Amino acid sequence: MSLSKRTLSWMALTAATALVSLTVAYAQQLPPQRGETSYMPVDIKEPFQTTLARMKAAQPAVQKRQADLLAERYDLADRAASGVTMTRGKPLQDGVRVKLPAGTSWDQLAGMTPADIRERNLFPKGFYPLPHPNHPEGGMVFPKFEIDELKKQEARDLTRFDLDFDIPDQFMPEFPPPMFLTTRPDLGDVSQGKLVTIDNYYELFSGILNPKQIEGLRLLLTPFPQQQFNQTEDRRSEKPSRGVACFDCHANGHTNGATHQVGDIRPQAFRHRIETTSLRGVNIQRLFGSQRALKTVEDFTEFEQRGAYFDGDPVIATKKGVNILERGSQVHFMAEVQEILDFPPAPKLDLLGRLDPAKATPAELRGQEIFFGKGQCAACHVPPFYTDNLMHNLQAERFYKPTLVNNMVATADGPIKTFPLRGIKDSPPYMHDGRLLTLDDTVEFFNLVLGTKLSQQEKQDLVQFLRTL
């Protein structure tokens with residue numbers, strides 16, 4: 001029996017109304033609807049081969065949805081900056097990549113109030129929170145270059161059968177990243193240009209680290225079961241998996257830009273995407289996790305494998321084989337390695353973290369003046385490491401109405417940790433969820449959110465300064 005056009009129109013309107021109602025309910029943070037739960041199913045009824053076939057069939061549409069979102073938000077062209085690279089030589093991407101709403105300019109937006117921007121829906125889409133590549137499903141997703149290198153070295157496969165990584169390689173950190181130690185700055189890159197893995201760590205570090213640190217490094221490189229990579233039927237790898245290692249995301253103690261979702265927010269639509277942060281300089285940090293505010297790197301290390309690996313669900317963790325670390329002889333050893341990971345050299349900075357006028361360009365010096373003055377950057381990012389070890393709420397939701405984006409509710413972020421800016425050019429993309437692809441994007445974002453009204457030249461000079469840190 002065919003349906004009339006009127007009936008089809010009514011059905012479409014009903015569906016649209018339901019979606020709007022859901023968005024509004026989430027935005028107002030109403031209590032969970034009947035049937036929602038904070039827990040994941042433990043006893044999986046669907047056979048694994050059925051899950052595999054179903055999710056593989058859905059993958060092209062899922063990835064197209066995310067690719068379309070990125071193309072709508074950003075200019076994704078490979079356009080390298082002139083004369084500046086990351087520490088090992090990978091070009092930085094140049095320019096503002098967030099697309100403006102039609103008929104507007106950055107200066108026009110900077111001259112408007114947050115309320116005006118919100119009411120006229122003019123907040124650039126690239127400044128909204130960025131969803132996970134498949135937000136309802138979530139989980140760890142690794143860039144292809146990391147997957148390929150681990151296959152080669154360890155014959156371990158971090159490919160997901162349901163999902164590929166979404167951000168193009170030109171906006172990612174260089175790979176493998178160099179690795180610097182506070183204890184042996186004379187050695188420079190102790191990784192010797194290699195990805196440190198369970199296969200090569202001993203030959204690279206025997207004679208450099210003490211035995212306790214070598215054992216800590218071994219544990220950081222040892223794969224343990226994780227939500228998507230394990231040996232149960234509830235996994236996202238085709239074959240049973242040995243799991244994931246800490247340094248699979250924090251490559252060489254830095255980052256490869258792998259993504260995940262925070263484990264401490266429910267319901268699922270509110271969970272933030274997180275982009276792997278660098279472990280460089282954790283010795284000078286006093287808060288760990290973008291919002292969890294864990295107080296020591298030992299707490300962070302233990303929590304990651306007990307909780308974050310399994311989306312904060314201890315029942316699932318038990319089912320999949322959680323690795324319970326012993327605090328005194330495992331967590332402590334792992335933390336000791338993390339606490340000697342150093343920032344990359346910054347040859348233009350003096351001992352106090354300011355530019356040496358004899359080494360800096362006029363544009364970099366002007367940018368430094370803006371950083372400590374009109375730009376208000378130093379209100380949170382204090383030298384020499386450019387963090388205040390606090391959390392701040394930017395209240396970006398002043399500029400936009402809550403909305404549903406690829407099954408994620410884009411609304412208030414809340415307070416976020418002030419991450420160090422030392423070595424920042426080595427760590428794209430930016431913000432806790434990777435929503436900003438370049439340093440130029442980041443300057444435009446803060447110029448709008450903080451209301452600093454920088455000129456075009458001031459913005460360019462500020463970017464030049466940030467690249468020296």
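**Close-up views: charged pairs and cysteines**

Glutamate 336 is buried, with a relative accessible area of 17% (buried means under 20% relative accessible area, exposed over 50%, partly exposed in between, with a 1.4 Å probe and protein chains only). The model is predicted, so local features need pLDDT of at least 70 and side-chain atom pairs count only at pLDDT 80 or more, while totals for chains, interfaces and linings use all residues. Residues are numbered from 1 along each chain as its sequence is written, and side-chain values use heavy atoms, with hydrogens and water left out.

**View 1. Lysine 212 and glutamate 336 form a salt bridge.** The closest N and O atoms of this pair are 3.2 Å apart (a salt bridge is a side-chain nitrogen of Lys or Arg within 4 Å of a carboxyl oxygen of Asp or Glu). Lysine 212 sits in helix H7 (residues 211-220) and glutamate 336 in helix H11 (residues 327-338), so the pair links distant parts of the chain, 124 residues apart (helices, H or I with at least four residues, and strands, E with at least two, are DSSP runs numbered from the N terminus). Lysine 212 is partly exposed, at a relative accessible area of 31%.

**View 2. Aspartate 426 and arginine 280 meet in a salt bridge.** The N to O distance is 3.2 Å. Aspartate 426 belongs to the loop between strand S8 (416-417) and helix H13 (439-450), and arginine 280 to the loop between strand S4 (273-275) and helix H9 (297-306); the pair therefore ties together parts that are 146 residues apart in sequence. Both aspartate 426 and arginine 280 are buried.

**View 3. Arginine 327 forms a salt bridge with aspartate 299.** Their closest N and O atoms are 3.0 Å apart. Because arginine 327 lies in helix H11 and aspartate 299 in helix H9, the pair ties together parts that are 28 residues apart in sequence. Arginine 327 is partly exposed, with a relative accessible area of 37%, and aspartate 299 is also partly exposed, at 26%.

**View 4. Glu137, Asp234, Arg236 and Lys320 are joined into one network.** The salt bridges that link these residues share partners. The structure holds 34 salt bridges.

View 5. Cysteine 249 is in no disulfide (a disulfide is a pair of cysteine sulfur atoms within 2.5 Å). Cysteine 246 is buried, with a relative accessible area of 14%, and cysteine 249 is buried at 10%. The structure holds 0 disulfides.
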